[in-house]
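Thanks for coming, everyone. I have one structure to walk through today. Please bring it up on your screens.

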Amino acid sequence: MSDHETSDNHPLSWEGKRLLTNNDAALRKAIEHARDYRGDVTIYLKTGKHVIGYVFDHHEGIPNPYIKLFLANQSEPSFVMCQDIAKVEFSGEDTAFGRSWDDWAQKWQKPQAS
Amino acid sequence: MAVPISQMYTVSQYALSNHIRGIKRYPLVLMLEPLFRCNLECAGCGKIQYPDHILNRRLSPEQCWTAADECGAPIVSIPGGEPLIHPEMPAIVEGLVNRKKYVYLCTNAILLERKIQDYTPSKYLTFSIHMDGLKEEHDHAVCRDGVYDVAVKAIRAALAKGFRVTTNTTLFDDAEPLRVRRFFDEMMELGVEGMMISPGYSYDKAPDQQSFLKRDRTRSLFSQLLTQRKRTWQFNQSPLFLEFLMGKRNYECTPWGNPTYNIFGWQRPCYLLQEGYVSTFRELMEGTEWERYGTGRHDQCRDCMVHCGYEASAVKDTFGSWGGFFGTVRATLFPNAV
């Protein structure tokens with residue numbers, strides 16, 4: 001697991017990375033990457049607690065911005081206030097990564113060859 | 001005539017009444033995504049890359065009907081994911097048909113023969129079968145050998161039972177015009193009511209990023225496909241949209257024309273971009289900064305010419321101006337006129 005203080009160094013996948021949110025810009029970037037990430041993330045709160053889920057929405061431009069996420073074992077979405085977030089960890093598998101066209105073509109060709 | 005008169009009448013009446021009442025933004029097709037789980041992993045699809053607990057979520061029939069009522073669009077398209085995986089899909093469809101919505105159930109047809117007895121033929125229900133070309137191209141696009149043959153068999157079975165059947169085809173950069181034209185022949189010979197075609201959209205989550213069409217290439221490809229088209233070919237879409245794809249017309253995107261509702265809520269701003277979600281259709285229509293989207297206004301809209309943004313523009317043109325109306329009549333009766 002590697003820490004990134006900000007999201008300026010954009011890796012091919014965020015899987016396994018952690019983003020600290022020690023200023024407003026870093027917090028906003030971390031949340032945007034979490035919203036764009038096609039895997040579960042672990043949200044560490046300033047209280048010391050954490051939640052793990054799939055972040056699908058970020059409501060900003062309002063007095064108390066928040067994110068919405070689905071936790072694996074809950075049917076209704078959960079809400080986390082952005083100001084409560086201390087760190088974002090891209091802990092789940094990045095389901096959109098590592099499936100290059102070459103991989104797909106190879107996979108498609110295998111049944112043809114056998 | 002690819003689209004039945006009753007459907008044309010319903011859509012015309014709906015569009016005209018909105019136009020006459022001066023309603024600037026109204027939806028035409030609700031894109032209802034009751035699940036993201038699919039039984040294929042197509043290379044051009046950016047819809048299904050989610051963790052398992054997201055793929056296992058489903059919209060309930062009540063949620064689907066509420067969305068259709070809220071939205072009010074006369075047509076409901078059900079993509080996904082693969083809708084036939086949803087155990088309550090027959091109930092969802094029945095509820096929509098009871099509301100007199102024209103339902104396009106978009107399926108790869110792998111499960112169609114097994115599930116078809118759960119559905120009742122109706123003028124309101126169309127199975128829209130995903131077919132991306134002749135056997136070789138289709139199996140390649142869906143990354144699984146044999147799917148084309150399964151789909152053809154399912155199309156025959158659905159037609160034999162009296163269902164409306166159309167095809168939906170996404171074309172990528174490697175499309176060969178002559179083979180696509182042969183594909184049109186094959187589909188019409190099968191007896192489908194009509195075909196729907198669209199260029200692919202470059203989802204940033206899709207595995208194949210190299211094969212998406214740029215605008216000039218899109219116009220060139222669709223010109224080659226649709227110039228001197230055969231009288232037997234029927235397209236289940238706006239003739240002006242086809243002219244737009246051929247580069248004969250210019251339209252601005254109408255992102256609110258095909259609003260999308262799925263397990264996350266109403267998706268902002270359109271079927272292809274995921275910039276956020278709201279709880280109600282009203283919030284979507286009134287709270288979205290629509291002027292931010294479209295070619296030249298948003299980076300991810302740059303090369304998009306996809307039906308979910310531009311077919312509604314074409315339909316609005318038909319009912320919003322005499323030029324559009326007569327253009328539609330001409331393009332319908334004389335599709336090969338220059």
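Let's start in a loop. B:Cys143 sits between α6 (135-141) and α7 of chain B. One caution before we go on: this is a predicted model. The phi of B:Cys143 is near 60°, a positive value in a residue other than glycine. Is B:Cys143 buried or exposed? B:Cys143 is buried, because its relative accessible area is 12%, and the cut-off for buried is under 20%.

B:Lys100 lies between α4 and β3. B:Lys100 also has a positive phi, about 60°, and it is not a glycine. Its relative accessibility is 55%, so B:Lys100 counts as exposed. The cut-off there is over 50%.

Helix α4 of chain B covers residues 89-98. Which of its residues are buried? They are B:Met89, B:Ile92, B:Val93, B:Gly95, B:Leu96 and B:Val97. What do they pack against? The partners in chain B include four strands by name: β1 (29-32), β2 (75-78), β3 (102-107) and β4 (125-130). Helix α3 (61-71) is another partner.

On to the cores. The largest nonpolar core has 108 residues. Which residues have the most contacts inside it? They are B:Leu32, B:Phe127, B:Phe184 and B:Phe264. Take B:Phe127. Beyond four places away in sequence, B:Phe127 touches B:Leu105, B:Thr107, B:Leu112, B:Ile116 and B:Tyr119, among others. Its contacts also include B:Ala158, B:Phe163, B:Arg164, B:Val165 and B:Thr166. Another core, of 19 residues, lies apart from the largest one. Among its members are A:Ala30, A:Val80, A:Val88 and A:Phe90. As a general point, nonpolar side chains in soluble globular proteins tend to be buried together.

Next, a helix pair in chain B. Helix α7 (residues 147-160) and helix α8 (residues 177-190) have axes that come within 10 Å and cross at roughly 35°. From α7(B), the contact uses B:Tyr148, B:Val152, B:Ile155, B:Arg156 and B:Leu159. From α8(B), it uses B:Glu186, B:Met187 and B:Leu190. By class, that makes 6 nonpolar, no polar and 2 charged residues.

Then helix α13 of chain B, residues 322-333. Its 12 residues should span 16 Å at 1.5 Å a residue, and the end C-alpha atoms are 16 Å apart, which agrees. Buried here are B:Gly324, B:Gly327, B:Thr328 and B:Ala331. Why do they fall on the same side of α13(B)? Because they cover an arc of only 105° around the axis. The general rule is that an α-helix has 3.6 residues a turn, so residues three or four places apart point the same way. The cover over the buried residues of α13(B) includes α10 (239-245) and α12 (307-320) of chain B. The face turned away from that buried side carries exposed B:Trp322 and B:Phe326.

Last stop: B:Gly287, in helix α11 (residues 281-287) of chain B. B:Gly287 is partly exposed, at a relative accessible area of 42%. Leaving aside neighbours within four places in sequence, what does B:Gly287 contact? The answer is B:Arg268 and B:Arg282. Follow B:Arg268 one step. A cis peptide bond joins B:Arg268 and B:Pro269, with omega about -10°. B:Pro269 lies in strand β8 (residues 265-269) of chain B.

That's the tour.

How values were computed. Residues numbered from 1 in each chain as written. Chains lettered and ligands numbered in written order. Predicted model: local features only at pLDDT ≥ 70, side-chain atom pairs only at ≥ 80, totals over all residues. Heavy atoms only, no water. Axes fitted to C-alpha atoms, helices over the stretch in contact; angles between N-to-C directions. Helix = DSSP H or I, 4+ residues; strand = E, 2+ residues; numbered from the N terminus. Contact = heavy atoms within 4.5 Å. Nonpolar A, V, L, I, M, F, W, Y, C, P; charged D, E, K, R; others polar. Expected span 1.5 Å × (residues − 1). Buried < 20%, exposed > 50% of the residue type's maximum accessible area, 1.4 Å probe, protein only. Arc of directions from axis to C-beta. Core = buried A, V, L, I, M, F, W, Y, C linked by side-chain atoms within 4.5 Å.
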